[in-house]
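Good morning, everyone. Please bring up the model on your screens, and we'll walk through it together.

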Amino acid sequence: MTLLRQPAGLLSASDAGRKVLLRGWVGRRRDLGELIFLTVRDRSGVVQVLFDRARSGEEPVVRAGDARPEDVVEIEGDVVLRGRDQINRDIPTGEIEVVATRLEFLARAETPPFLPEDRTNATEELRLEHRYIDLRRPVMLKNFVLRDEIAFGVRRTLHELGFLEVETPMLTKSTPEGARDYLVPSRVHPGRFYALPQSPQLFKQILMVAGFERYFQIARCFRDEDLRADRQPEFTQIDLEMSFATEEDVFGVVEAVLAAAFGAAGIDAPRPFPRLTYAESMERYGTDRPDLRYGLPLSDLSASASGTGFVPFDRALASGGAVRGLRVPGGAALSRKKLDEWTEVARSFGASGLVWAKRSGGESSSPAKKAMGDAALERLLAAGEIADGDLLLAVADRPAAVAAALAALRVAAAKEIGAVDASKHAFCWVTEFPLFGLDQKTGSWFPMNHPFTSPREEDLSRLETEPGTILARAYDVVLNGEELGSGSIRIHRADVQERVFRALGISEAEGRERFGFLLDALRYGAPPHGGIALGLDRICMIAAGASSLRDVIAFPKTTSGTCLMTGSPSAVQPAQLEELAIATVRPPESSRPPES
Ligand code: ASP
């Protein structure tokens with residue numbers, strides 16, 4: 001009788017007495033002379049295999065004595081119950097072990113640079129360089145099993161809701177999402193380039209013009225930007241688009257998708273998600289991605305700060321700025337060191353500084369007390385709703401700097417006072433973003449989202465005259481202070497699209513050259529439509545409780561955009577450049593070693 005291969009990690013007491021065939025990797029070896037123990041690991045888990053002369057025979061014992069970590073082995077043996085006092089509660093198969101009767105090496109392994117165990121001292125560089133070993137670590141494998149469940153749940157949900165999964169090109173034309181394009185030279189058309197998509201945005205809109213009504217794609221996107229720890233140059237979006245849809249329709253679908261995605265990790269996503277407008281979010285939390293696991297709203301102190309004679313307040317208010325504050329409950333007890341640290345946080349977000357004030361044991365204190373006097377300080381504390389034991393953090397500056405600094409302080413304060421319940425998951429929608437932002441340096445308008453986002457109908461008449469006041473039919477979905485996705489109802493009329501291009505300083509000729517195909521499509525019967533893209537990598541990271549996107553992407557890049565395993569990006573053969581009609585490549589300024 002030929003034995004069927006058995007997943008090692010699924011063996012249990014009920015298998016006792018069975019003959020099994022295992023194939024997997026050798027983990028640890030314990031050699032007690034007469035007795036040799038190997039752990040054998042496959043995708044399902046680990047099991048302990050025992051070799052002893054009496055039951056295994058001479059040859060298997062000799063071979064087992066030669067086994068090394070990460071050898072690939074085939075083992076036949078009998079499942080036996082362990083004695084009561086030998087049960088290993090640390091592994092699911094700990095009630096049994098396999099007494100081997102045969103051992104073959106399917107492949108031998110050199111000493112690995114690190115052992116693929118959950119707890120590792122290996123540096124991230126080493127892990128990325130030998131990613132095949134890193135991915136053997138059970139914690140990593142678990143992330144990819146979850147990622148598969150999430151993607152499957154998303155696909156099933158969208159399929160059931162009538163969405164068609166359609167692939168869009170990788171070799172394409174620029175789709176502006178605010179980053180640089182990755183360019184691919186064309187061999188057949190020397191001097192011409194494809195761009196890798198920053199998103200499938202224009203194709204999905206064109207699929208709506210084509211009458212597909214509901215599209216989705218688990219889509220690869222490419223953005224060449226300066227990477228931060230939580231960014232990757234290529235990443236995956238759950239991209240979707242719907243015809244004849246309003247914001248409500250999109251929200252309903254997205255909430256179902258996210259419930260399925262997080263449900264795969266046992267995380268509840270109570271629906272409907274709360275909503276707040278961009279203006280409300282900025283006012284209450286200083287950010288468009290508020291963490292709603294806790295309260296800690298900001299307060300406006302401008303009225304009580306005015307006329308206090310405290311120079312930073314006066315200066316900010318006189319130049320059109322604001323004074324706003326954050327009440328930190330129980331924060332009066334925080335150390336000077338913490339307050340100094342937070343002053344640096346405020347500065348790093350562009351504010352000129354931080355003013356604190358507190359009430360403790362009936363006393364009010366603040367470094368600004370002398371300058372503003374007792375009465376003014378009391379007024380300020382009252383405006384900040386400071387009770388005894390509380391701390392007030394006040395920032396005076398340009399409104400944008402005040403918001404950014406206080407938003408960061410709110411997050412820091414929540415952590416400090418233990419207001420973050422890590423088991424909670426707070427989803428929300430942020431709606432009605434401004435259509436345009438103003439580039440302070442160039443004085444020109446840029447799209448807050450992308451240039452295909454529809455203005456609100458009631459704002460259209462002010463598009464040319466007061467572009468800064470136009471609100472967009474745009475929305476973000478946010479979880480625990482992280483943006484999970486961003487979308488909008490789109491412009492579906494060519495004339496409106498042309499007006500928006502013009503407002504953005506895109507000339508008619510440039511508009512035609514870059515987006516002529518879209519403008520053409522909009523002229524041939526485009527249904528009203530809208531959609532969103534959700535960041536699959538980030539969803540997986542949060543669902544898995546991982547701390548880095550790199551732990552949920554099989555082959556990620558470092559923060560400098562290199563792949564340490566393959567060594568890309570790499571130089572190419574002169575002949576390849578020749579074929580692409582690329583005459584010269586400037587040598588790199590330095591040959592910096594890659595960093596992670
Ligand atoms: N294309 C947008 C993005 O990638 C999402 C959308 O508007 O649907 O951010």
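In which sense do strand β3 and strand β5 pair? They pair in the parallel sense, over two bridges, with β3 covering residues 45-52 and β5 covering residues 96-107. In β5, Val-98 is the bridge partner of Val-49.

A word on the source. This is a predicted model, where local features need pLDDT of at least 70, side-chain atom pairs count only at pLDDT 80 or more, and totals for chains, interfaces and linings use all residues. Residues are numbered from 1 along each chain as its sequence is written, and side-chain values use heavy atoms, with hydrogens and water left out.

Now some terms. Helices (H or I, at least four residues) and strands (E, at least two) are DSSP runs, numbered from the N terminus. Two strands pair if DSSP finds at least two bridges between them. Strands of a sheet pair through backbone hydrogen bonds, either parallel or antiparallel.

Back to the barrel. It is closed, has five strands and runs β1-β2-β3-β5-β4, with mixed pairing. The twist averages 55° from one strand to the next. (Axes are lines fitted to C-alpha atoms, for helices over the stretch in contact; angles run from 0 to 180 degrees between N-to-C directions.) Helix α2, residues 58-66, lies across β1, β2, β3 and β5. It runs at about 70° to β5. Contact here means heavy atoms within 4.5 Å.

Next, the open sheet. Five strands line up as β12-β13-β16-β14-β15, and the pairing is antiparallel. Which strands are at the edges? They are β12 (298-300) and β15 (363-365), and each pairs on one side only. The twist averages 20° from one strand to the next. Helix α10, residues 311-318, packs on this sheet and touches β13, β14 and β16. Helix α12, residues 369-383, lies across β12, β14, β15 and β16.

Last, the ligand. There are 13 residues around it, and among those that come nearest are Glu-177 and Arg-490. (Near means one heavy atom of the residue within 4 Å.) An oxygen atom of the ligand is 2.7 Å from an N or O atom in the side chain of Lys-204. For the side chain of His-450, the distance from an oxygen atom of the ligand to an N or O atom is 2.9 Å. The protein covers 94% of the 270 Å² of accessible area that the ligand has on its own. That area comes from the Shrake-Rupley method with a 1.4 Å probe. Which strand gives the largest share of the shell around the ligand? It is β22, with three residues.

Notes. Polar contact = N/O pair within 3.5 Å; in protein donor to acceptor, adjacent residues only side chain to side chain.
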